[in-house]
Amino acid sequence: MCGSGGGGDGGAAEREAARQKKQDAAVGRINSLFGVSSNADATPLPDRNDNRFYTMVRPAPFAPPERTFNQSLYDQAVAEAGQNGANNTEAEANKLKLDSIYQGVGDDVSASLTKDLNDQYEVAERNGRFNAARRGIRGGSSELDMQDTMQENYDKGVLDVSNKASNASLNMRNADSKTRLNMVQRILQGMSGDAAITSAQQSMRDNTENIRRQSLSQSLDNVFGDTAYINNQRLKQQGAQRANDYYGTYYPSNKSYSGVKN
Amino acid sequence: MCNPAAIALMAASTAVDYKNQSDATDRMNKEIGLSENRNDKFSQSIINASDKNLEQYNPDTRIENLQTNQDKSEKSLTDALTTARDNQASNSVAAQGKVSDTYTNSKAERAIKRAKAGADLAKMISKVRAPTTLRNDEQQENAKASTVMGTQAQQRSDMARASGYDIENASKLNPSMQLISGLLRGASMAYGGAGGAAGTAGKTAVSSSSFGGAIG
């Protein structure tokens, strides 16, 4: 029939669908680069730390229960996720690599700050030991008190280092996440997939370097400051005492000097 | 005046017009249906991503995750303390000269107390850290969901625009059929006396614009 030839839909939706397919592929490549599975409907691979894979088992009738990892339950969950499309192996491989980078940044920060902490401890400990020897209290309870304080400060320092290392890893992860969102946004706004990938790779390198540099440039506070202060005060007191002993009443004592201490 | 051939031709012209309009309406409705289906798919995908993301905010899940984070953090901090102490022990300077047994025993007791205090401190810090870690993990998941939702929303909008063009195109009358209709109407008029027929047909002929105003 003559009329069957006209009045088509123009194919705009088809062309748009083709464009969106390319867009999805580009977003998928970006996501994969950042270790994120793109399949919106896919079940993500299960997290090994998920509580559902752990069971509480008592090793003995009255022993406290222990958290035990259930490998078969985990394997089953992995298989189910695989059936639902969570087999984006490239994304998973990249996720493992990125986790290792984040961990590496944290470890570097931890190693650097721990060295700083140990150096500070070594100096403070040596000063404390000499101070105790000078005062003749080496091997006494006063020295033990001082060691207690130092050990407490050291423990706090260790935990502080651990927190800083953990924060460095988190900052890095968050920076990468922001980069990924930014790149996806750019693709949606019309940036080509290849350009976005190149830009994303550069951003990831920058993120790693920036976080590493920022984290390593920060240092620990003076962890043993209060111990050092006490030691210094004692040394000052000793000096004043020696001066008093030598000069007698001509050397003004702290008590009579209008409250101004040297 | 009432020439049967003219009336027949005019009726045929009207029928072609009707068919043309009816087809255009069908095509338009079909395109609208397709567009709505596509829109529904995008919307459903956004809703799915949102629902999946919301699962993490289930209070039971959050309590579990909080506890898991706390346990992990506590273990990590306790390990850090243990490792640091081990290194410290191997580097520590032994007491020089003779010290009393009381000192040695007291030192050992205090070390045990200190270790417990360290573990307690690690536990406290892990409790402080756990919510931050939880929020951070949730933000990461939010970011993943927002990528999906943002992409789908943008694509839905783009697709709606494209669908709009298709609907507009589909709703246009078929020019070939318009031509046939026009020729039939012209022939009807050529038979003369078609004025009455044209007058009658003019009320039903909806689209005559392409025929240069032949229907008066």
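Helix H4 of chain A comprises 48 residues, and the distance from its first C-alpha to its last is 70 Å, close to the 70 Å expected at 1.5 Å a residue. Helices (H or I, at least four residues) and strands (E, at least two) are DSSP runs numbered from the N terminus, and the expected span is 1.5 Å times one less than the number of residues. The model is predicted: local features need pLDDT of at least 70 and side-chain atom pairs count only at pLDDT 80 or more, while totals for chains, interfaces and linings use all residues. Residues are numbered from 1 along each chain as its sequence is written, with chains lettered from A and ligands numbered from 1 in the order in which they are written. H4(A) is followed by A:Gly190, which has a positive phi near 115 degrees.

Chain A contains six helices and two strands, arranged along the sequence as α-β-β-α-α-α-α-α. Of its 262 residues, 26% are buried, where a residue is buried if 20 or more other C-beta atoms lie within 10 Å of its own, exposed if 12 or fewer, and partly exposed in between, with C-beta atoms placed from the backbone. Among contacts in chain A between residues at least 6 apart in sequence, 77% join residues at least 24 apart; two residues are in contact if their C-beta atoms, placed from the backbone, lie within 7 Å.

Chain B has five helices and zero strands, in the order α-α-α-α-α. Buried residues account for 25% of the 216 residues of chain B. For contacts in chain B with a separation of 6 or more, 93% come from residues 24 or more positions apart.

The contact between the chains involves 54 residues from chain B and 36 residues from chain A. On the side of chain B that touches chain A, two or more residues each are given by helices H1 (4–54), H2 (59–91), H3 (101–170) and H4 (175–190) of chain B. H3(B) supplies the largest share of that side, 27 residues. By type, the side of chain B that touches chain A comprises 22 nonpolar, 19 polar and 13 charged residues; Ala, Val, Leu, Ile, Met, Phe, Trp, Tyr, Cys and Pro count as nonpolar, Asp, Glu, Lys and Arg as charged, and the others, Gly among them, as polar.

Helix H4 (residues 141–188) of chain A packs with H3(B) at an angle of about 10 degrees, the axes being 10 Å apart. H4(A) is therefore roughly parallel to H3(B). The contact of H4(A) with H3(B) consists of eleven nonpolar, eleven polar and six charged residues. Axes are lines fitted to C-alpha atoms, for helices over the stretch in contact, and angles run from 0 to 180 degrees between N-to-C directions. Angles under 35 degrees count as roughly parallel, over 145 as roughly antiparallel, 65 to 115 as roughly perpendicular and the rest as oblique.

The largest nonpolar core has 21 residues, of which A:Leu117, A:Val158, A:Ala168 and B:Leu81 touch the most other members. A nonpolar core is a set of buried Ala, Val, Leu, Ile, Met, Phe, Trp, Tyr and Cys residues joined through C-beta atoms within 7 Å. Helix H3 (89–134) and H4 of chain A, together with H2 of chain B, each give two or more residues to this core. With seven residues, H4(A) gives the most to this core. Another core, of 13 residues, lies apart from it and includes A:Leu33, A:Phe34, A:Val36 and A:Ala91.

Helix H1 of chain A (residues 12–33) has 22 residues, which should span 32 Å at 1.5 Å a residue; its end C-alpha atoms are 31 Å apart, in agreement. Its buried residues include A:Ala13, A:Val27, A:Ile30 and A:Leu33. Just after H1(A), the phi of A:Gly35 is positive, at about 75 degrees.

A:Val223 is located in the loop between helix H5 (193–217) and helix H6 (225–247) of chain A. A:Val223 is buried because 21 other C-beta atoms lie within 10 Å. Not counting residues up to four places away in sequence, A:Val223 touches A:Leu117, A:Gln120, A:Asn153 and A:Gly157. A:Val223 and A:Asn153 are 70 residues apart along the chain, with their C-alpha atoms separated by 6.3 Å.

In chain B, B:Gln70 lies in helix H2. B:Gln70 counts as partly exposed, with 19 C-beta neighbours inside 10 Å. Its contacts, not counting residues up to four places away in sequence, are B:Ser126, B:Lys127 and B:Ala130.
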